[in-house]
Every structure is written in C-alpha cells, then in structure tokens.
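Dear colleague,

I am handing over the structure below, and after it I set out what was found, grouped by the part of the chain concerned. Please read the notes with the structure open beside them.

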Amino acid sequence: MTTTHFVADLPVTDVDVLVAGGGCAGFGAALAASRHGADTLLVEQAGFAGGILTRVGNPWFDGIAHLGTGRIALGGIPVEVLQRLGLARVGQTHLEHPFLPLDPEAFKNVADEMLTEQSDSLSLLFHTSVAAVRATHGRVDDVVLANKAGLTVVRPKVTIDATGDGDVAAWAGAPIERSMPMQPLTLHFRVGNVEDSDTLTSRMREVVEDLHESGDIGLYFFHAEHDDFAHAPDELVFNITRMPGDGTDPADLTAAEIRGRKDANALVRAWRERVPEFRAAYLIYSGPSVGVRETRRIVGDYQLTEDDIRTSRRFEDAVLKGVFYVDVHPTDRAGTHDYDAWTPEPYDIPFRTLLPQGWDDLLVAGRCHSATRRAAGSSRVTATAMAMGQAAGTAAGLAAASGTRVRDLDMTALQNALRADGVILD
C-alpha cells in the first residue's frame with residue numbers, strides 16, 4: 001500500500017529514529033533512543049516539550065504512583081524528572097502525593113536540559129509539524145516536515161508516533177480505531193489571588209451550576225479541593241470545561257478553544273461577583289492549547305483491555321507498569337466525572353500494544369497505543385505516557401544499533417535494557 005500524503009522533490013535527511021511529537025511520550029522516546037546511541041530527531045509543534053504538562057497547562061503527573069498507597073509504580077525517565085525537579089530523592093519508593101503537580105516552567109527548563117544534554121545523538125526541532133507520510137509495504141519510508149524553513153523530508157530507520165492522535169500511523173495507512181462519541185475536550189486555566197476557606201468549594205459549585213443552567217457555560221466537571229492550589233497557596237488550577245468535539249478536526253479544535261476561553265472568563269467573572277474569596281482574583285492564563293483525551297488508537301499486535309487491568313494480568317513482553325484509575329469522561333451530561341471510575345493495582349503494559357498490526361519499524365507511544373477505550377482511560381495519562389515513550393525509544397535505539405526490525409527484537413534484551421535504565425517491571 002502506498003499513501004498519497006506525500007510531496008516529492010524535497011531536501012532529504014536520513015536519521016536512525018524520528019520521534020513525531022514532543023509531549024510526555026515523545027520526550028521519553030527521544031531521550032531513550034538517543035541515550036542508546038541512535039541518531040535521533042525529535043519534532044514538536046510547540047516551542048517546548050511537555051505536551052499536556054506545558055502546552056495544555058494540566059500540571060498533574062498522573063500514573064507515577066499508586067493512588068491508594070503512594071508507592072512509585074514507574075522508574076526510569078519519569079522518576080528522573082521528579083529528581084531533577086527536586087520532588088523525589090534517589091531510592092525513594094513512595095510519594096506523599098500520588099500524582100505530584102509539576103510547575104510547567106520548571107518542567108520546560110528541566111526538559112530542555114535533559115534533551116540538550118544528548119546533543120551528540122539527538123537533534124531537536126520545535127515549531128515543526130509532520131505534514132505528510134509516504135509508506136510502502138507496511139513501512140514508513142518518508143515523513144514530510146513543515147516549519148518556517150519550508151518543507152523537508154526525513155527518511156528514518158524507525159519512526160515513533162508520539163503525536164497523541166496517531167497522525168503518522170493513520171496517514172501511513174496503519175490500522176486505527178475510534179470510540180464514538182469521543183471524550184470531551186478541556187481548556188485548562190489558572191486563577192490567582194484566591195483566598196482559601198472552608199466554604200470556598202460549595203460557593204464555587206453553586207455558581208458553576210447556575211451558569212450551566214442559564215446557558216452561560218457549556219458542559220463542565222466541577223472538581224475543586226485543596227489539591228487544586230497546585231502552584232501557590234492563592235492560585236487555583238482548573239480542569240473544569242468540557243467541549244464535545246474531534247481533536248483531529250481543526251474546526252472542532254478551534255471551536256473548543258474559543259468556547260473554553262469564553263467559559264473560563266464567564267466563570268472567573270461570576271466568581272468575583274458572587275464568591276467573597278474571589279473578590280480580588282484574576283485569570284492568570286488559559287492553556288495555549290485545548291486538552292484532548294482521545295481520538296485515534298492504533299490496532300496493535302495486542303490490545304490492552306479493562307479485564308487485563310482489573311486482573312493485573314502479567315505479560316511476557318511487559319515494558320512498563322500502568323497504575324492510574326480508569327477515567328472516561330462522558331459527553332452527554334454535565335457535572336459527572338466518569339461513568340465508572342476505579343483504581344487498579346499496578347498492571348503490565350505489553351510491548352505489542354506499541355506495534356501497529358502488520359507494520360515494521362513503526363512504533364506508537366502515548367494515548368494512541370493499542371487499548372480499548374476504558375483501558376486507555378488509565379494508560380493515556382502523563383507519567384504513563386512518558387514511560388511508554390521510554391520503552392518505545394529504547395526499542396528503537398536497540399533496533400537501529402543492531403540492524404534488527406523492531407518487531408524482531410529479543411524481549412529479554414529489551415527488558416534488561418529498560419531495567420538497567422531504572423524502569424520498574426517486577
């Protein structure tokens with residue numbers, strides 16, 4: 001099969017590994033591939049890495065530890081990030097907060113440091129998007145990039161799709177699926193100079209319900225507790241807006257961001273008028289990009305299921321642990337967080353969920369990996385995606401170094417390499 005998303009007669013660059021997308025998954029993938037000696041290129045649309053942590057503005061490092069016990073479930077790059085941010089010590093096994101909020105600006109700086117430390121083997125291009133793909137016989141041959149310099153072609157030995165939406169895999173013609181309707185989009189925002197009090201949550205909730213009933217805001221999920229004072233004792237982070245739409249449709253993305261900003265401003269204005277603790281509050285910012293929970297997922301060599309998660313099923317090709325609660329947001333009613341949220345014990349995520357069926361040397365990492373909708377409700381989150389990226393990047397680096405197809409890698413060798421890099425598999 002040959003796809004039509006391709007522009008010919010462009011400058012060509014050869015690399016061992018191309019990582020498309022510099023969110024949590026792509027960040028982990030690029031670091032791991034380059035640390036294993038692969039000539040790696042990471043491309044990202046924004047001017048910084050981090051995805052949902054920075055570009056969307058949701059600071060929670062979900063999936064790093066068990067929600068009940070606080071025991072760290074992931075090792076490797078996610079824990080290294082915490083250590084560099086001063087939020088964890090070497091050898092620490094538990095966290096007081098099971099999904100520590102990360103300061104977006106501090107993370108940007110740490111991510112820059114970690115990526116540029118690999119400059120001998122890692123090239124980095126911000127403000128760069130994948131524009132087209134040419135694939136033949138189940139392999140990505142060429143990827144067209146677009147940025148201020150124009151269009152260029154990259155010819156990778158291994159491609160890692162960390163776009164979140166499975167753009168590269170879908171445009172190449174790899175098998176994908178969608179769950180309809182897709183979970184709603186969210187525009188995050190931060191409000192400063194808020195006074196805390198015992199009655200703050202109930203006062204805020206009353207305003208939210210009134211605004212929704214009057215039509216002044218759309219769908220919402222109201223979640224407010226002391227944990228939302230993530231960055232300062234007088235500053236709240238809100239994950240409250242809910243906009244139905246398709247995150248792969250630019251018109252839906254545009255409409256969601258406009259509606260999200262409208263709702264954020266309406267909420268802050270009404271809280272200032274009606275909630276004493278907000279009398280001098282102000283809107284610090286709304287996320288530069290709307291947050292997307294689900295779009296495409298690949299059909300992989302194996303599909304992770306909710307039953308796998310419930311039973312903590314073990315897999316011979318496990319490459320990381322999942323641990324976050326199963327979180328699927330409804331689109332048909334306001335105020336509800338999840339149809340059936342529950343928290344699992346740590347469970348295996350197999351390497352085969354990163355491999356599109358019938359494709360060679362194409363990996364995915366992040367929320368577009370192969371999983372059922374409810375399984376992805378747990379596996380799609382920030383720290384889990386970063387660890388998934390590390391697994392994909394390590395595999396790509398080993399394959400490029402040995403001249404082996406990714407799907408022919410010896411699993412014991414891959415798992416041993418991950419363990420040597422601090423990944424928790426046992």
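Leaving aside neighbours within four places in sequence, Asp 263 is in contact with Asp 216, Ile 217, Gly 218 and Thr 241. Please bear in mind that this is a predicted model, and that every value in this message is computed from it. Asp 263 lies in helix 6, and with a relative accessible area of 2% it is buried, since the cut-off for that term is under 20%.

Helix 6, which spans residues 250–274, is also one of the elements against which the buried residues of helix 5 pack, the others being strand 9 (219–220) and strand 10 (236–238). Helix 5 itself covers residues 200–214, and its 15 residues reach 22 Å from the first C-alpha to the last, close to the 21 Å expected at 1.5 Å a residue. Which residues of helix 5 are buried? They are Leu 200, Met 204, Val 207, Val 208 and Leu 211, and, seen down the axis of helix 5, these buried residues fall within an arc of 100°, so they line one face of the helix. Just after helix 5, Gly 215 takes a positive phi of about 85°.

How do the two helices meet, and at what angle do the axes of helix 5 and helix 6 cross? The axes come within 10 Å and cross at roughly 125°, which makes helix 5 oblique to helix 6, and the crossing of the pair is right-handed. On the helix 5 side the residues involved are Met 204, Glu 206, Val 207, Val 208, Asp 210 and Leu 211, and on the helix 6 side they meet Ala 266, Leu 267, Ala 270, Trp 271 and Arg 274.

Seven of the nine residues of helix 2 (residues 76–84) are buried, so helix 2 is largely enclosed by the rest of the structure; the buried residues are Gly 76, Ile 77, Pro 78, Val 79, Glu 80, Val 81 and Leu 82. These buried residues pack against helix 1 (24–35), helix 3 (104–116) and helix 9 (382–402), and just after helix 2 there is a positive phi of about 80° at Gly 86.

Helix 9 has 21 residues and reaches 30 Å from its first C-alpha to its last, close to the 30 Å expected at 1.5 Å a residue. Helix 9 is mostly covered, with 18 of its 21 residues buried, and it is followed by Gly 403, whose phi is positive, near 70°. Ala 387 is found in helix 9 and, at 7% relative accessibility, counts as buried. Not counting residues up to four places away in sequence, Ala 387 touches Leu 74, Pro 78 and Leu 320, and Pro 78 is one of the buried residues of helix 2. The C-alpha atoms of Ala 387 and Val 326, which are 61 residues apart along the chain, are separated by 18 Å.

Finally, Leu 151 is found in strand 6 (residues 150–161), where it is partly exposed, with a relative accessible area of 36%. The C-alpha atoms of Leu 151 and Ala 132, 19 residues apart along the chain, are separated by 9.9 Å.

With best regards

Note on methods
Residues are numbered from 1 along each chain as its sequence is written. This is a predicted model: local features need pLDDT of at least 70, side-chain atom pairs count only at pLDDT 80 or more; totals for chains, interfaces and linings use all residues. Side-chain values use heavy atoms; hydrogens and water are left out. Helices (H or I, at least four residues) and strands (E, at least two) are DSSP runs, numbered from the N terminus. The expected span of a helix is 1.5 Å times one less than its number of residues. Buried means under 20% relative accessible area, exposed over 50%, partly exposed in between (1.4 Å probe, protein chains only). The arc is that of the directions from the helix axis to the C-beta atoms. Contact means heavy atoms within 4.5 Å. Axes are lines fitted to C-alpha atoms, for helices over the stretch in contact, and angles run from 0 to 180 degrees between N-to-C directions. Angles under 35 degrees count as roughly parallel, over 145 as roughly antiparallel, 65 to 115 as roughly perpendicular and the rest as oblique. A crossing is left-handed if the near helix is turned anticlockwise from the far one by less than a right angle, and right-handed if clockwise.
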